[in-house]
Amino acid sequence: MTQKSDILIIGGGIAGISAGARLSEDVKVTVLETENTIGYHSTGRTAAIYIRNYGNQVLRALNNASEQLFLEPEGISDRSILSPRGQLLFAHEDEVQDLEEYLDGATGMQKLSPAEAVKMVPILREDLIIAAAYESDTQDIDVDRWLQGFARLLKQRGGQIVSNAPAQKITKSGDCWMVETPAGTFEAKILINAGGAWADKIASLAGVSTVGLVAKRRSVVQIPAPDGYQIDNWPLFVTAGEKWYAKPEAGKLVISPADEDPTEPHDAWPEDMVLAEGIDRFEKATTVTVERIEHSWAGLRNFVSDKTPVVGFAPDANNFLWLAGQGGYGIQTSPALSQLAADICLGRPSSLNEDTVNALNPKRLITQ
Ligand SMILES: Cc1cc2nc3c(=O)[nH]c(=O)nc-3n(C[C@H](O)[C@H](O)[C@H](O)COP(=O)(O)OP(=O)(O)OC[C@H]3O[C@@H](n4cnc5c(N)ncnc54)[C@H](O)[C@@H]3O)c2cc1C
């Protein structure tokens, strides 16, 4: 038996689940997910940070448009999904230009002296810092509460999430998309491609032009809090050239080498050499020697050539909506992107400005 919906979404990460929850207010939605739980890939492996000024101008507009729903997540949670963290950016000699570029057009930034930076994060080596800046409204995101809240809302509104359901064959029957999975065959007029690192592969399955998505691995290690320090109130601290970053997390310190190695889509894991090199950069910039790694993981950040997400109908296929390429910003932009995806599917005007909507359109990446 083929199961019919109005909209089929491939991918049970934050992109697919948040768009599905929005759409299920008006139409019948089914989300298909390969794994047996939602959020298993990139969404479950993040640094869980909202940074207003992170990314290019389009991303900054999306970050801004997203904040309000995080603060007042009606229907998703009874309280804000964000909590204060702050971000300290610091530049060694070779990163002063990077810091200037970040500050260009950024809002809510305060320049700091090296001594002020070290007062915030006392393990940093003041002698190496040339310039620094603080972004006070950077916040932690409770990613699990966010994802599960959207999933609950989707189901309350009559939508369904089908796990262990990898889309294996995608065809058209009349004006409907047919998706075959081991869990059955699903049919809908509109198909949303929210397949994360696999989004180009999903497009190929459907016979739709790809957008040139590249999956880039990013790794994280967790270490005990450095001896003698109370770290809970430290900000996220990151080198201006994003060579590594660290933040407190439940009494521990998590450090990322900020790696960006291109890879085939897969269940990502960290490579020892990448972790060792990242820890070496961290140790050289601080007074800390890392003696024990408690835990490490890696996930994929997926980019197209202009590092801007891809949201809009494919120019070469009817009712095939791209919702992909969210890079390192997919959680923090999910309020705005899920709303946009729903507005496009339902033919409603977007509250985002036209330039932003055009910059996201897949047309820019596909020459027909
Ligand atoms: C280490 C790290 C740190 C990060 N930190 C942050 C951060 O602090 N803030 C932030 O905003 N972002 C951050 N990101 C980025 C963020 O994780 C992603 O942008 C976001 O999770 C992308 O969500 P998604 O739903 O598109 O992808 P995913 O979560 O990967 O979901 C895609 C889903 O599609 C499913 N799928 C694929 N193919 C099929 C198929 N054929 N059939 C059915 N299902 C399929 C997959 O199983 C997967 O579950 C970070 C990423 C990493 C790796």
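In this predicted model, an oxygen atom of the ligand is placed 2.9 Å from a polar backbone atom of Ile331, a polar contact being a pair of N or O atoms within 3.5 Å. Another backbone N or O atom, that of Gly330, lies 3.0 Å from an oxygen atom of the ligand, and a polar backbone atom of Gly327 is 2.9 Å from a ligand oxygen atom. The ligand is surrounded by 38 residues, of which Glu33, Thr43, Ala167, Gly327 and Gln332 are the closest; a residue is counted here if one of its heavy atoms lies within 4 Å of the molecule.

Residues are numbered from 1 along each chain as its sequence is written, and side-chain values use heavy atoms, with hydrogens and water left out. Local features need pLDDT of at least 70 and side-chain atom pairs count only at pLDDT 80 or more, whereas totals for chains, interfaces and linings use all residues.

Two packed helices are described by the angle between their axes and the distance between the axes. Helices are DSSP runs (H or I, at least four residues) numbered from the N terminus, and their axes are lines fitted to C-alpha atoms over the stretch in contact, with angles running from 0 to 180 degrees between N-to-C directions.

Helix H2 (residues 57–71) packs against helix H8 (residues 334–346) at an angle of about 95 degrees, with the axes 6 Å apart. H2 and H8 are therefore roughly perpendicular to each other, since angles of 65 to 115 degrees are classed in this way, those under 35 as roughly parallel, those over 145 as roughly antiparallel and the rest as oblique. The contact (heavy atoms within 4.5 Å) involves Leu62, Ala65, Ser66, Leu69 and Phe70 of H2 together with Ser334, Pro335, Ala336 and Leu337 of H8. These residues comprise 7 nonpolar, 2 polar and no charged, where Ala, Val, Leu, Ile, Met, Phe, Trp, Tyr, Cys and Pro count as nonpolar, Asp, Glu, Lys and Arg as charged, and the others, Gly among them, as polar.

The axes of H1 and H8 come within 8 Å and cross at roughly 55 degrees, and the two helices are therefore oblique to each other. On the H1 side the contact is made by Ile14, Ser18, Ala19, Arg22 and Leu23, and on the H8 side by Ser334, Pro335, Ser338, Gln339, Ala341, Ala342, Cys345 and Leu346. This set divides into 8 nonpolar, 4 polar and 1 charged.

Terms used
A polar contact is a pair of N or O atoms within 3.5 Å; within protein, one must be able to donate a hydrogen and the other to accept it, and residues adjacent in sequence count only if both atoms are side-chain atoms.
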